[in-house]
Amino acid sequence: MKKLLLSLLFITVVSSLILAEDIPPPQIQSDFDGEGRADLAVFRPSDGVWYLQRSQLGFTAVHFGVATDKIVPADYDGDQRTDIAVYRPSDGVWYIQRSYLGFIAIPFGVAEDIPVPADYNYDGKEDIAVFRPSNGSWYIYNLSTNQFYAFQFGQKGDIPVPADYDGDWKADIAVFRDGTWYLQRSRDGFTGIQFGQAGDKPVPQHYDRDFKADLAVFRPINGTWYLQRSILGFTGFQFGVSTDKPVPTDYDGDGKADIAVYRNGVWYIQKSSSGLAVFEFGDASDKPISNAFVP
């Protein structure tokens, strides 16, 4: 009996280790070289060029897109590197330069759609997806299986905020409506949570390293961030001014998203591991990549 119990324990431990190795870490937004930390990066509408200051591979500039495109950076091929990509509302086409699998162009969407790429099915690749305000529907296209899904969740005026809120490695369909979050979690089901107010910019991220996205908003009227972290609890932090673009992501590679803003070509980053850092990279008209999905 003792040998049997030890054998079962060994199998359980080994199985757990295998599963842990199979689980990809959450994709870090704006990590173009796969080093595990976000890079400073901007898209310049005036010339259609992406300017990247990669932490490992250094500086590069890539012409990809036109002024009216919506930038949709994400890891579409599962290599843990953010891919350069745009959604062109005029023709409803996604143009994606994947770092591993190369270029693709996929018609998916109409002019009014809001792009919401994320890994909705836990295959390690972010899916092409849009939220359509006119009917409150989500349309998702899985690049791995070529399968299409549609869900009605939300209404006109909602801000889509997909993220993994229940820690099962699948992005959840969710919307922010005048201070209330409505979440359709893939494991824990539906919930509605009041956190914020009308005019806030929702900025859900992994702020406390438990692999669950935390509810968070940036309030332009007072330049304050309000975070409801799943482990560390609530905090309010004044960081920024009303015209700043919030750009939260993990810039120091410690597994926690950092509070950060972009202001006229200057990045102000409150790193969770080492405090304030300030960098000049870009200009006033640029679109910072880590702000791509912030309203």
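This is a predicted model: local features need pLDDT of at least 70, side-chain atom pairs count only at pLDDT 80 or more; totals for chains, interfaces and linings use all residues.
Residues 24 or more positions apart account for 34% of the contacts with a separation of 6 or more.

In soluble globular proteins, nonpolar side chains tend to be buried together. Here the largest nonpolar core holds 15 residues, of which Y76, W94, I96, I106, F108, I128 and L143 touch the most other members.

| Strand | Residues |
|---|---|
| β5 | 84–88 |
| β6 | 93–98 |
| β7 | 102–107 |
| β9 | 128–132 |
| β10 | 137–142 |

Leaving aside neighbours within four places in sequence, I128 is in contact with several residues, among them Y76, W94, I106, F108 and L143. A second, separate core has 13 residues, including V49, Y51, W267 and I269.

The second largest pocket has a volume of about 290 Å³, and of the 15 residues that line this pocket, Y120, I140, F151, A171 and I173 are the closest to its centre. The elements β10, β11 (147–152) and β14 (180–185) each give two or more residues to the lining, with β11 giving the most, namely three residues. By type, the lining residues divide into seven nonpolar, five polar and three charged.

Conventions:
Residues are numbered from 1 along each chain as its sequence is written. Side-chain values use heavy atoms; hydrogens and water are left out. A nonpolar core is a set of buried Ala, Val, Leu, Ile, Met, Phe, Trp, Tyr and Cys residues joined through side-chain atoms within 4.5 Å. Buried means under 20% relative accessible area, exposed over 50%, partly exposed in between (1.4 Å probe, protein chains only). Helices (H or I, at least four residues) and strands (E, at least two) are DSSP runs, numbered from the N terminus. Contact means heavy atoms within 4.5 Å. On a 1 Å grid over the protein atoms alone, a cavity is a set of points where a 1.4 Å probe fits but cannot get out, and a pocket is an open set with protein on both sides within 12 Å along at least five of seven lines; lining residues have an atom within 4 Å of a point. Grid points are joined across faces, edges and corners, and a volume is the space filled by probe spheres set on the points. Ala, Val, Leu, Ile, Met, Phe, Trp, Tyr, Cys and Pro count as nonpolar, Asp, Glu, Lys and Arg as charged, and the others, Gly among them, as polar.
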